[in-house]
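Please keep the structure open while going through them.

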Amino acid sequence: MKEKLIINKKSLKGEDGYKTFSIRIRDDTVANLDKLSQETNRSRNELINILLDYAIENSEVK
């Protein structure tokens with residue numbers, strides 16, 4: 001008897017703890033992100049998350 005192929009349900013968008021949205025960003029910022037991305041072997045998305053987390057944790061409201 002053949003084994004059955006088991007296909008698990010795919011998680012719906014947003015259930016992975018991430019939200020998708022768009023932002024406007026200056027060309028020079030994109031260029032800097034791309035440079036940093038090449039130097040670190042990380043994606044733009046990964047770098048943006050790292051940089052945003054750092055900025056939020058190190059921000060102070062006065």
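1. In this predicted model, H1 and H2 are roughly perpendicular to each other, because their packing angle of about 105 degrees falls in the range of 65 to 115 degrees that counts as such. The axes of H1, which spans 27-40, and of H2, which covers residues 44-57, are 9 Å apart.

2. Which residues bring these two helices together? On the H1 side the contacts come from Val30, Leu33, Asp34, Leu36, Ser37 and Thr40, and these meet Arg44, Leu47, Ile48 and Leu51 of H2.

3. Most residues other than glycine have a negative phi. Asn41, although not a glycine, has a positive phi of about 60 degrees, and this residue counts as exposed because its relative accessibility is 71%, where the cut-off is over 50%.

4. In the segment before H1, one finds both Ile23 and Ile25. Ile23 has a relative accessibility of 57% and so counts as exposed, whereas Ile25, at 38%, counts as partly exposed. Together with Phe21, Ile23 and Ile25 make a nonpolar surface patch of about 340 Å².

5. How far apart in space are Ile23 and Met1? The C-alpha to C-alpha distance between Ile23 and Met1 is 53 Å, for a separation of 22 residues in sequence.

Key
Residues numbered from 1 in each chain as written. Predicted model: local features only at pLDDT ≥ 70, side-chain atom pairs only at ≥ 80, totals over all residues. Heavy atoms only, no water. Helix = DSSP H or I, 4+ residues; strand = E, 2+ residues; numbered from the N terminus. Buried < 20%, exposed > 50% of the residue type's maximum accessible area, 1.4 Å probe, protein only. Patch = residues over 30% accessible without salt bridge, like charges linked within 9 Å, V, L, I, M, F, W, Y side chains within 5 Å. Areas by Shrake-Rupley, 256 points an atom, 1.4 Å probe, with all protein chains shown as cover. Salt bridge = Lys/Arg side-chain N within 4 Å of Asp/Glu carboxyl O. Axes fitted to C-alpha atoms, helices over the stretch in contact; angles between N-to-C directions. Parallel < 35°, antiparallel > 145°, perpendicular 65-115°, else oblique. Contact = heavy atoms within 4.5 Å.
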